[in-house]
Amino acid sequence: MSQSQGVDPAKLAAARAAVAMVEDGMRLGLGTGSTAAIMVRELAARVAAEGLTLRCAATSRATAELAESLGLRIETLDQIGWLDLTIDGADEVDPHLHLVKGGGAAHLREKVVAAASDRMVVVADPAKVVETLGAFPLPVEVLEFGFETTRKLIRRALEAQDLGECDVLQRLRGSDPVITDEGNLILDLHLARIEDPVALARALSAIPGVVEHGLFLGMCDLAIIGREDGSVIELARNDIDADMLAQEGE
Ligand SMILES: O=C(CO)[C@H](O)[C@H](O)COP(=O)(O)O
């Protein structure tokens, strides 16, 4: 299709395999991040070549702008109502297809869109596949109002889960706070390992100033992991085995 020069071959392979799943007439959610951006370019090229009729909702302003610049029409989620398929990237994917997302500060809209989709397919490179979530700092979108109080409550929740030693750092771009598309702030939780993502998700969601955390549990149906040689591995839940992890760690 359209792109390939200078594009990460593993991300491109994953993006192409996901775009091959798109059928005429589908209602699609378009993810955010570098892999999702490659997917959007591949999708736009397919639409142009085959004249597909699609309805698309974007998970961020950045994705909406990219898609529209490539000729894809973006509608709001409410205009479309429900989606057949969302294709998005991830920062980490574990053997249960639990995800950490939000490296691009878009996990709030990404979660809303994924929750309104029949299927969520993740596109990623092998570095994203982990046995245990947590090496990637967990993004938490929080309200500006009471920001320090919310940070304190998050620290308390982490202490209750024996994660009290971890840094809880505000995400900055240069010296300015990162502001999300919804006008909120991001705290990154440097946890190293998340032994019990379900318990952590529950504890974070119970804090009023937390708008949304980056744990996506039980939402992803399929992860397409691209490889440098252009091949892909498709992982349904519990398919990520020790062999693959060992191989990718070499
Ligand atoms: O969750 C996300 C944005 O909020 C991205 O999907 C995630 O950060 C992966 O991005 P990339 O494909 O650039 O590695």
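Buried means under 20% relative accessible area, exposed over 50%, and partly exposed in between (1.4 Å probe, protein chains only). This is a predicted model, where local features need pLDDT of at least 70, side-chain atom pairs count only at pLDDT 80 or more, and totals for chains, interfaces and linings use all residues. Residues are numbered from 1 along each chain as its sequence is written, and side-chain values use heavy atoms, with hydrogens and water left out.

**View 1. A buried glutamate, E110.** E110 has a relative accessible area of 3%. You'll find E110 in helix α5 (residues 107-115); helices here are DSSP runs (H or I, at least four residues), strands likewise (E, at least two), numbered from the N terminus. UniProt, in an unreviewed entry, lists E110 for "active site"; such annotations may be inferred rather than shown by experiment. Leaving aside residues up to four places away in sequence, E110 touches T32, T59, D88, K101, G102 and F216 (contact means heavy atoms within 4.5 Å).

**View 2. An open sheet of four strands.** The order is β8-β11-β7-β12, with antiparallel pairing (two strands pair if DSSP finds at least two bridges between them). β8 (167-170) and β12 (210-213) sit at the edges with a single partner strand each, so one side of each has no neighbour in the sheet. From one strand to the next, the twist averages 25 degrees.

**View 3. Strands β7 and β11.** Five bridges link β7 (residues 138-142) with β11 (residues 185-190), and the two run antiparallel. Look for E141 opposite I186 in β11.

**View 4. Helix α6 across the strands.** Helix α6 (residues 147-160) lies across β7, β8, β11 and β12, at about 155 degrees to β8 (axes are lines fitted to C-alpha atoms, for helices over the stretch in contact, and angles run from 0 to 180 degrees between N-to-C directions).
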